[in-house]
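Please consult the sequence and the model while reading.

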Amino acid sequence: MEERDRQLARLAAEQYGAFTRAQAEGCGFGARTIEEREARGVYRRVHPAVYVVGGSPSSWKQEVSAAVLSVNDGAAASHQTAAVLWEMTDRRPDRIDVVTKRWDRVRRPGIAVHESRDLLPEDRVMLDGIAVTSPVRTVVDLGAEVPSWLVESCLDKALRVGLFDAADVRRLIARVGRRGRRGVGKIRPLIEERLRWEGLTESELEDKFGRLIQWSALPEPVPQYQLR
């Protein structure tokens, strides 16, 4: 195996078998070689200029990786797709959400591309080989695409496992929460409410019980109150 084959194999393995034409060329492959290998089934094209290694295990994460790579270098998995990757929820969306500052306006089947001018470098991180929005950016963006109950569920799960704290969300809202930005109206009251809490819950059942108490006339309970 040539060195260029080893380089591309390592790169593709980190991206669940997916790679771009530009990445292959960076490893030393010419366009003709890539096309010949595609014709022989060594590579399989899944998007314009995006391939997967033939025989690599198909998976949802491979689809996400390829979708992100198909948009541009600054793109990231976002919204509900990112929430699944961060394990805030196991509800996979029907489409793959990708966010970027600017895109080519070419439609990609099964992919929803969101354009965001307030996307900063710190909003985009690598998670297991896939570019994805940071946890705090993910939960703020969720409000624009999913029902309030799912935003709340993802927020509480992320707080519970320590992906961020309530103050982190408030700071991001202050940065991106301009007038008319979709989604902020859902997350803002949720985070202000949690900033008043004196402790974190430890399970989804506790979260549901807490919401029942809030809807009643009873005083709010203190999570994880210690008896000595």
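Ala, Val, Leu, Ile, Met, Phe, Trp, Tyr, Cys and Pro count as nonpolar, Asp, Glu, Lys and Arg as charged, and the others, Gly among them, as polar. The model is predicted: local features need pLDDT of at least 70, side-chain atom pairs count only at pLDDT 80 or more, and totals for chains, interfaces and linings use all residues. Residues are numbered from 1 along each chain as its sequence is written, and side-chain values use heavy atoms, with hydrogens and water left out.

Q: How do the residues of the lining of the largest pocket divide into nonpolar, polar and charged?
A: A pocket is an open set of points on a 1 Å grid over the protein atoms alone, where a 1.4 Å probe fits, with protein on both sides within 12 Å along at least five of seven lines; lining residues have an atom within 4 Å of a point. The lining comprises 15 residues, with His79, Glu115, Ser116, Arg178 and Arg181 nearest the centre. These lining residues divide into two nonpolar, four polar and nine charged.

Q: Which elements give two or more residues to the lining of the largest pocket?
A: Helices (H or I, at least four residues) and strands (E, at least two) are DSSP runs, numbered from the N terminus. Two elements meet this condition: strand S6 (111-115) and helix H6 (135-142).

Q: Why is S6 largely enclosed by the rest of the structure?
A: Buried means under 20% relative accessible area (1.4 Å probe, protein chains only). S6 is largely enclosed because the buried residues number four of its five.

Note on methods. Buried means under 20% relative accessible area, exposed over 50%, partly exposed in between (1.4 Å probe, protein chains only).
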